[in-house]
Amino acid sequence: MRPADRTTTPATAVAAPCDVAPAAPPAPGAGAGAAAARAYAESVARTWRDGLGREVREEDVVDLLLVVSELVTNAIRHGGGLAGFEARPAREGLWIAVHDHNTVVPRAASAFPTTHPGGGYGWPLVARLARHVRVGPRPEGGKTISALVPLRAADTP
């Protein structure tokens, strides 16, 4: 499966840290939805690992897809819309960067809510499944949330 080049992320967007060159064309950008971002991120993860001659653990792909879904959905619902999305391989996994139009930084949460007010589970899920979650302003306005989602080879415990 190869990533589809839909809409590109603006060149001025804040990029996620990367210690390996991108393995695919730019990801879905403004106007894309969570499904397009998930498909792209999964494709980048599998292409990168396959390029190393090793398949990625399915559990890690599920974690990746959850993190992408939560961050992209939050950008659409609370961030004034998705302004761009990136996925870049790194030694430890995949850096994802979600760009939106809102400067408000989400409340940091490291534990699941004890009550259910109708939402609020996404950010704790991201905090548990991803590493090095960062929030920063975009030069053209809004913010970027980037996170490293660990990906292990299928033959690794």
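## Surface and burial

The protein chain exposes about 7,900 Å², of which carbon and sulfur atoms supply 55%; accessible areas come from the Shrake-Rupley method with a 1.4 Å probe, and for residues only the protein chains shown count as cover. This is a predicted model, in which local features need pLDDT of at least 70 and side-chain atom pairs count only at pLDDT 80 or more, while totals for chains, interfaces and linings use all residues. Residues are numbered from 1 along each chain as its sequence is written, and side-chain values use heavy atoms, with hydrogens and water left out.

Of the 157 residues in the protein chain, 42% are buried (buried means under 20% relative accessible area, exposed over 50%, partly exposed in between, with a 1.4 Å probe and protein chains only).

## Elements and contacts

The protein chain has 3 helices and 4 strands, which follow the order α-α-β-β-α-β-β from the N terminus on. Helices (H or I, at least four residues) and strands (E, at least two) are DSSP runs, numbered from the N terminus.

Among contacts (heavy atoms within 4.5 Å) between residues at least 6 apart in sequence, 61% join residues at least 24 apart.

## The aromatic pair

A search of the whole structure finds 1 aromatic pair. Y40 and F85 form this pair, which is edge-to-face, with 6.5 Å centre to centre and 85 degrees between the planes. Because Y40 lies in helix α1 (residues 34-51) and F85 in strand β1 (residues 82-90), the pair ties together parts that are 45 residues apart in sequence. Rings of Phe, Tyr and Trp (its six-membered ring) pair if their centres lie within 6.5 Å, and planes under 30 degrees apart count as stacked, over 60 as edge-to-face and the rest as tilted.

Y40 is buried, with a relative accessible area of 4%, and F85 also counts as buried, at 0% relative accessibility.
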